[in-house]
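Please look through the structure below with this report beside it.

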Amino acid sequence: MKSSRGRYAILAAGVLLFGASYYPNWVLGNQFWGDLLEFVGTTLLVLGACLIVRRLVPHSLPQYFLYAGSLCLVFARFIDFTHEIPHIVNWPLLGDAGWGSDLALRVGESVGYICILLAFLALLREVTKLHQHLERDHQHLQELHDKSVFLTRVADMSPEAVFGCDRKGIIRTWNHGASEMFGFDASEAIGMPLAELFAEESGQVESLSGDLLREGGPLRDIEAAARTQCGQRFWASASVSTVFQDDGALLGFSIVVRDIEARKEAERKLKHSRDMLASALHNAEVGMFIIGRDLQLLAVNPRMEELVGAKLCDFSTLSDACSRVLEPEVQFVERLTKDVLERGRPLEFRNLVVHRHDTAERVCNTAISPMVDDRGEITGAVCIVVDVTEREALQARLLESQKMESLGRLAGGIAHDFNNIIGGVLGYASLMREVSAPDSDVGRYAESIEAAASRAAELTQQLLAFARGKKAEVQEVDLNAVIDETLALLSLGVDPNISVQFEPAANLAPTRVDLDQINQLLLNLLIN
């Protein structure tokens, strides 16, 4: 500032002295002081002009033209001043009577004025160029302003929060979406630290922005817990990128924040659903396994491993597993590939015999269903295996029971018919005994027939008891007497060539038995 004032002071002094030179010349008639003031004023005038031009347009063509013209004018004024000095009046160039004095004066003034004119023209050229540069800069600034306004409008129309921060993490720009998301007005948000928008445990946003400012780099996305003006938290996705100046220097960073609370909730529900499915698969009471299109075993629950007696790691593919635990003639893999993986049809296998590693066998039913993605393409299959070994055994026992029930009904029918026949035999034997003499052979035969018929009636009663499910009647009996009676009854129907001897036990205590069952047992034993 002081140097600028000095230049203008020198210029003003030159103008003052140059103007004052007319007073001695025209009023006082003193040419010496008039020419001296004109010389000094011209010198100060051109010196001030040169200093000002050097300040405005340093190292330019107008400056050099001005220097040359100023030197020429000062030289001409100096020669004009020397005309008033008597001691040098006859010098060749300086004296008034010198042969070159007038020529030097005229040449100096002409060259000086020409150089000053050229300097003026060059200065006009520089001003014109400067004006053109200013026009271009103004147009560029107008374009930048239009772009800035357009970007601002675009950012304001975005539903996402878009804002910028400086190198220290202080918010400098704020769009309408950010106001809607965080609840801060632009006047409240601008100047606020970035950390105010995120929870304490989400310092990764601030640290990431610091890393970007130090290292630069491309856009980076992170997920963090954000908070609104009223303290409500929500999950947000922040895209952080650096902002550079025209010279490449780091200016700050821009942040685009999206509300992903709905997506996080969907992820939590999906994770919960997956956990429930995994828990159901793991805790299911039936065997389950999942395969891909390449027949790779993707998942096997513990119940399935228990059924086959092996772990998932023991098998490489489903084909390997089937070759170990199923019979070769069972086309399990072929039908699964053709019907389920290619045609998308569900498939069932019943009463598959699974050979465990411990040589035990299990009977299983299998249901296979295809897995389809969103595009309708088959991605694999899920298989459910139910162990029906015990059920099949119970069913076999039920069938046997039904057979026995049918046999009991048949035995009951036969017993009724046989009982009717025995009734007639007993009746006729009684009549024979009554009409025969007491000691005759016919009487004895009739008694034997009655005894045999009575025994057959007892057998018939046992068949009826079996058919009706009659309960046993336990009573105390003498086994010696029971065996003796049975042998007497059996002796009539035994081959005469067979001799049966019975040695009763001495002092045999009475035994609590069902008399009908013990008689049946003895008869079966002796007949066999």
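## Terms and buried cysteines

A residue is called buried when its relative accessible area is under 20%, exposed when that area is over 50%, and partly exposed in between, with a 1.4 Å probe and protein chains only. The model is a predicted one, in which local features need pLDDT of at least 70 and side-chain atom pairs count only at pLDDT 80 or more, while totals for chains, interfaces and linings use all residues. Residues are numbered from 1 along each chain as its sequence is written, and side-chain values use heavy atoms, with hydrogens and water left out.

Cys165 counts as buried because its relative accessibility is 6%, and Cys364, with a relative accessible area of 1%, is buried as well. A disulfide is defined as a pair of cysteine sulfur atoms within 2.5 Å, and by this rule the count is zero disulfides.

## The sheet from S2 to S3

Helices (H or I, at least four residues) and strands (E, at least two) are DSSP runs, numbered from the N terminus, and two strands pair if DSSP finds at least two bridges between them. Five strands make up an open sheet with antiparallel pairing, in the order S2-S1-S5-S4-S3. S2 and strand S3 (220–227) stand at its edges with a single partner strand each, so one side of each is left without a neighbour in the sheet.

On average, neighbouring strands of this sheet are turned by 30 degrees against each other, direction ignored; the axes behind such angles are lines fitted to C-alpha atoms, for helices over the stretch in contact, and angles run from 0 to 180 degrees between N-to-C directions. Between S3 and strand S4 (residues 233–244) there are eight bridges in the antiparallel sense, and Ile222 stands opposite Ala238 in S4.

## The sheet from S7 to S8

Another open sheet is formed by five strands in the order S7-S6-S10-S9-S8, again with antiparallel pairing. Its edge strands, S7 and strand S8 (347–355), each pair on one side only, and neighbouring strands of this sheet are turned by 25 degrees against each other on average, direction ignored.

Strand S6 (residues 287–292) is mostly covered, since five of its six residues are buried. S6 runs antiparallel to strand S10 (residues 378–387), to which six bridges join it, and Gly292 has Gly380 in S10 as its bridge partner.

## Two residues with positive phi

Most residues other than glycine have a negative phi, and most peptide bonds are trans. Which residue in the turn of the hairpin formed by S6 and S7 has a positive phi? Leu295 does, with a phi of about 65 degrees, and the hairpin has four residues between its two strands. Leu295 is buried, with a relative accessible area of 14%.

Asn507 also has a positive phi, near 55 degrees, and its place is in the loop between helix H15 (479–490) and strand S12 (511–514). Is Asn507 buried or exposed? Asn507 counts as exposed, because its relative accessibility is 82%.

## The largest pocket

Rolling a probe the size of a water molecule over the atoms shows where empty space is left. On a 1 Å grid over the protein atoms alone, a pocket is an open set of points where a 1.4 Å probe fits, with protein on both sides within 12 Å along at least five of seven lines, and lining residues have an atom within 4 Å of a point. Grid points are joined across faces, edges and corners, and a volume is the space filled by probe spheres set on the points.

The largest pocket holds about 590 Å³ of space. Its lining has 21 residues, and the closest to the centre are Leu151, Thr152, Ala155, Gly164 and Thr173. Helix H5 (101–157), strand S1 (161–166), strand S2 (171–174) and strand S5 (250–259) each supply at least two lining residues, and H5 gives the largest share, seven residues.

## The second largest pocket

The second largest pocket has a volume of about 360 Å³. Of the 19 residues that line it, Leu45, Val46, Ala49, Leu66 and Ile116 lie nearest its centre. Helix H1 (2–20), helix H3 (31–56), helix H4 (61–82) and H5 each give two or more residues to this lining, and H3 gives the most, with seven residues.
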